[in-house]
Amino acid sequence: LSAPAWLGTDQLAFQRLRAEGGCTVGDDLWHIRNIELACDAGHFTIDGRMAWQPGQESSFLRRLLASAASADLRVDGQIDLARLSQIVPATLRIRAGTAIERGMLEAQVEGHADGPRRVWSARLKTSDLAVLSDGRRVTWEEPWAVHLDAALGAQGWEIQNLDCQSSFLQLSGSGTSSSGTARLACDLGRTVAELCQIFDLGTLQAAGRMDSQLRWDRTDGAD
């Protein structure tokens with residue numbers, strides 16, 4: 001499968017691909033019943049319902065956010081990072097001389113009604129990540145993890161909790177477009193050094209540490 005707009009020169013070529021489950025469409029809702037998608041790069045399971053109108057003249061992200069307003073959905077997945085990097089190396093910008101030997105990315109997204117609001121949670125976590133970079137094996141014992149809890153109500157989206165953790169970066173925050181807080185602690189040199197062992201970041205260089213806190217409040221009547 002070729003998709004230059006999304007994948008550039010990469011092509012999706014799987015040794016095996018399997019899809020099982022059921023889906024019906026009615027009242028502008030997609031009812032998804034235990035759909036399982038599996039291939040040699042991983043597998044996903046999807047169950048629930050959501051509104052989706054692909055014919056609308058709006059961006060994919062806008063349609064996705066709009067569908068979240070009515071979705072009761074759970075998505076679980078595991079991605080074999082080593083195999084995925086072999087299939088789409090250019091898309092992932094894998095650095096020349098680098099091979100991901102092993103590693104998994106676990107993902108979980110769930111949304112449901114909670115009274116008048118729609119709440120969502122998302123989890124991403126890597127495990128058992130090992131890379132061969134210029135003949136040197138590098139392993140990450142500390143996982144990269146992202147945890148997000150959000151809610152959609154009459155006043156719009158609210159980030160109830162955002163927590164990103166890795167050996168070189170910690171990000172946390174909560175709030176709405178009107179008020180909130182965020183904190184970022186990052187070893188810039190280590191961040192670039194570790195990411196460059198996997199990804200082609202060009203001539204990007206960095207040094208030093210960043211430890212910042214941000215708070216915002218929007219008063220009534222502000223533009």
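Figure 1. Glutamate 101 is partly exposed, with a relative accessible area of 34%; buried denotes under 20% relative accessible area, exposed over 50%, and partly exposed the range in between (1.4 Å probe, protein chains only). The model is predicted, so that local features need pLDDT of at least 70 and side-chain atom pairs count only at pLDDT 80 or more, whereas totals for chains, interfaces and linings use all residues. Residues are numbered from 1 along each chain as its sequence is written, and side-chain values use heavy atoms, with hydrogens and water left out. Arginine 137 forms a salt bridge with glutamate 101, and their closest N and O atoms are 2.6 Å apart. The pair ties together parts that are 36 residues apart in sequence, because arginine 137 belongs to strand β7 (residues 136–140) and glutamate 101 to strand β5 (residues 98–114). A salt bridge is defined here as a side-chain nitrogen of Lys or Arg within 4 Å of a carboxyl oxygen of Asp or Glu. Strands (E, at least two residues) are DSSP runs, as are helices (H or I, at least four residues), and the numbering starts from the N terminus.

**Figure 2. The salt bridge between glutamate 36 and arginine 18.** In this pair, the closest N and O atoms are 3.5 Å apart. Distant parts of the chain are linked, since glutamate 36 is in strand β2 (residues 29–39) and arginine 18 in strand β1 (residues 17–26), 18 residues apart. Glutamate 36 is partly exposed at a relative accessible area of 25%, and arginine 18 is also partly exposed, at 37%. A network of salt bridges links Arg18, Glu20 and Glu36. The search of the whole structure finds 16 salt bridges.

**Figure 3. The salt bridge between aspartate 187 and arginine 209.** The two side chains meet at 3.9 Å, N to O. Aspartate 187 lies in strand β11 (residues 179–187) and arginine 209 in strand β12 (residues 209–217), so parts that are 22 residues apart in sequence are tied together. Aspartate 187 is partly exposed, with a relative accessible area of 25%, whereas arginine 209 is exposed, with a value of 60%.

**Figure 4. The hairpin of strands β6 and β7****.** Strand β6 (residues 117–133) and β7 run antiparallel and are joined by five bridges; two strands pair if DSSP finds at least two bridges between them. Valine 138 in β7 is the bridge partner of valine 131. Two residues lie between the strands of this hairpin, in which aspartate 134 takes a positive phi near 55°.
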